[in-house]
Amino acid sequence: DWEMPALFVWLFGAAGVALARPADRPLLIVPPRLARVVGALLCLLLALTPAAVALSQRALDRGVDSFVRGDCAGAVDGALDSLALLRSRPEPYEILGYCDLRGGEEQLGADAMAAARARNPRDWRYAYGLAIARALSGLDPRPAITTARRLNPLEPLARDLAAELRTDQPAQWRRAAAGA
């Protein structure tokens, strides 16, 4: 919730009211010019973070739109542009992972899905994507799909894939993951 500016804008307004002085009272301490410049630079620095997030989101949206259209080249470009601005986001890694998997690069896909999962270990989608990538790579996907099920036990995608992965046969894992 703290990321939603509308939820906390009142706090800054209240702080301004609390810190304001009456117009008829002179300012007792005038901060030196250097302090005012440093304060302004700090405010500018704080404004850069939301700008980076907004630009990263725009690139990510472009990548998602391309991915939905089946254009992995455009999706990868959007994901990489998003990561160039903000490397802490899991979503671009997820797009990269699925595009790598579509292109037959199972190990790259598994690495990208692991990177997405590392950035947001509480989201079932990244554990689910990691299970698919591991299965397509011939690696045991069951720990990852178990995690996805634990994180969201009611999700039909995770439930169905978990049922299909209840085997020790890598060929069956690959078929199940390809269908997912």
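I began with burial: of the 180 residues in the chain, 31% are buried (under 20% relative accessible area, with exposed meaning over 50% and partly exposed in between; 1.4 Å probe, protein chains only). I note that this is a predicted model, in which local features need pLDDT of at least 70 and side-chain atom pairs count only at pLDDT 80 or more, while totals for chains, interfaces and linings use all residues. Residues are numbered from 1 along each chain as its sequence is written, and side-chain values use heavy atoms, with hydrogens and water left out.

I next looked up the secondary structure. The chain holds 9 helices and 0 strands (DSSP runs numbered from the N terminus: helices are H or I with at least four residues, strands are E with at least two).

The chain exposes about 11,600 Å², of which carbon and sulfur atoms supply 63% (Shrake-Rupley method, 1.4 Å probe).

For contacts (heavy atoms within 4.5 Å), I took the pairs at least 6 residues apart in the chain sequence; 48% of them join residues at least 24 apart.

I searched for disulfides (cysteine sulfur atoms within 2.5 Å) and recorded 1. C72 and C99 form it, with their sulfur atoms 2.4 Å apart. C72 lies in helix α3 (residues 72–85) and C99 in helix α4 (residues 91–102), so the pair ties together parts 27 residues apart in sequence.

C72 is buried at 17% relative accessible area, and C99 is buried at 7%. C43, at 54% relative accessibility, counts as exposed.
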